[in-house]
Amino acid sequence: METMLDKYLGATEQTETIKYAGRVIKVQGILIESAGPQAVIGEVCRIEAPRGRGTILAEVVGLAGSIVQLMAYEEIEGIEIGNRVIASGDQLGVAVSQKLLGRVLDAMGRPVDDKGAIESPLYYPAIASPPDPLKRRRIVDPLATGVRAIDGMLAIGRGQRMGIFAGSGVGKSTLLGMIARNTNADVNVVALIGERGREVNEFIERDLGPEGLARSVLIVTPSNSPPLARLRGAYTATAVAEYFRDQGRDVMLLFDSVTRFARAQREIGLAIGEPPATRGYTPSMFDSMPKLLERCGTSDKGTITGFYTILVDGDDMDEPVADTVRGILDGHMVLSRSMAQRYHYPAIDVLTSISRLASTVCGPVTIKAVGAVRRLLSVYREAEDLINVGAYHAGSNPVIDEAIAKREAMEEFLTQTVEERTAMADTIKALGRIAGLEIPAEELSRLPA
Ligand SMILES: Nc1ncnc2c1ncn2[C@@H]1O[C@H](COP(=O)(O)OP(=O)(O)OP(=O)(O)O)[C@@H](O)[C@H]1O
Ligand SMILES: [Mg+2]
């Protein structure tokens, strides 16, 4: 496959060899240093590694005096002192077209699924600026995920960005899979960043299925890929989502996980000598997080609705990545280990979760119903210990009585099997029934199918 980059590289080699070529002088861990070429930070370079590897693509990550610091997108075995380093003059870009649908790409946007090349004259830069804030459309329309706990209790707007916070093994990836298959968004962009490689096929075959894959693009950089690949995979996925948004589509960006992205940024930061701050995270992590997350959302053309998973160790919501991300996003879902242990799936703790735009995208009666159900859930939770030990006597508090009476209906509403999909109008009607409210037809007619 010949890309624009290859053409450029071919041309520069013949013309200004000295200016655009350098030599490797040091390799330390993941950091490669070379004398020359003349290049800017972020520029893609090609390292010609003769030891049976062909070429290795790398990116300029630092400039120290006359030394160019590089990191590779791929494994660096085979690099030797003296290998030629050729500057491309370009930043990382991804070839975009409608043909991306149904495809699986690597961090650099190259297909990895044996379905042939994606030839497109159109390239989107992996690193880009967020839309002009003044041109962003307001978020007003609801987006259906097909998951009752979300569509009912934490309604999401098209263009909203949500975090999914959970400890390991509580069901983040499974929930993303459910959303990918069931959502009414036009296009899914799925970024699997730094997660287990074996989960990739599972996600494609089990979670997406052929019908889900047909309207999805996957960008995959598993945990064994170099940190720069994990970092750039995140940007490439965002660029692909931006392309479809520019086509006027409603895009769903499903990102697993932001924590692995942050850790990749930390590895790179430490390798180029940044000072570690909180828990070893370097300033560049705190800096890169808004740059990544702000690109999502609405523009004047379309929307990107984002779901980003964040691993919270020991359910510590104040850990630096969780804390930074929560401040940027428009809401968060907390998955609870104790609910998962009770086999309450999806284990979304709606009482500690919040969608900051739910009240904007829902009608007034729906909002009232959500409030009533939240109250019943919280009353039940407070009284739960008493109820379980038999210390609560029926009739002593009418609100607790109601919470007990409706407990089963609420559990049934909030739990859902992986295969099940509920249309949003049915979800809202069911919510109204629990709250004892009739949702008016005009509120239901606004909802996506
Ligand atoms: N909705 C569900 N219904 C039934 N079982 C579930 C559900 N969600 C998760 N599980 C169970 O929990 C396990 C872990 O789920 P999952 O891989 O989605 O968690 P995770 O939070 O992504 O984990 P990790 O932090 O390791 O990436 C699954 O293998 C499955 O057994
Ligand atoms: Mg997972």
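Me: What makes strand 12 (residues 161-166) and strand 18 a pair?

Reply: Strands 12 and 18 are joined by three bridges in the parallel sense, and strands count as paired when DSSP finds at least two bridges between them. A strand here is a DSSP run of E with at least two residues, and a helix a run of H or I with at least four, both numbered from the N terminus. Within this pair, F165 stands opposite V334 of strand 18.

The model is predicted, with local features needing pLDDT of at least 70 and side-chain atom pairs pLDDT 80 or more, while totals for chains, interfaces and linings use all residues. Residues are numbered from 1 along each chain as its sequence is written, chains are lettered from A and ligands numbered from 1 in the order in which they are written, and side-chain values use heavy atoms, without hydrogens and water.

Me: What makes both faces of strand 18 (residues 331-334) covered?

Reply: G331 and M333 on one side, and H332 and V334 on the other, are all buried, a word that means under 20% relative accessible area (1.4 Å probe, protein chains only).

Me: Why is the pair of Y243 and F244 called edge-to-face?

Reply: Their ring centres are 4.9 Å apart and their planes stand at 70°; rings of Phe, Tyr and Trp (its six-membered ring) pair with centres within 6.5 Å, and planes over 60 degrees apart count as edge-to-face, under 30 as stacked and the rest as tilted. Y243 and F244 are also buried.

Me: Why is the pair of F255 and Y308 called tilted?

Reply: The planes of F255 and Y308 lie at 40°, with centres 5.3 Å apart, so this pair is tilted. It links strand 15 (residues 250-256), which holds F255, with strand 17 (residues 303-311), which holds Y308, 53 residues apart. Ring pairs join Y235, F255, F261 and Y308 into a cluster.

Terms used: Buried means under 20% relative accessible area, exposed over 50%, partly exposed in between (1.4 Å probe, protein chains only).
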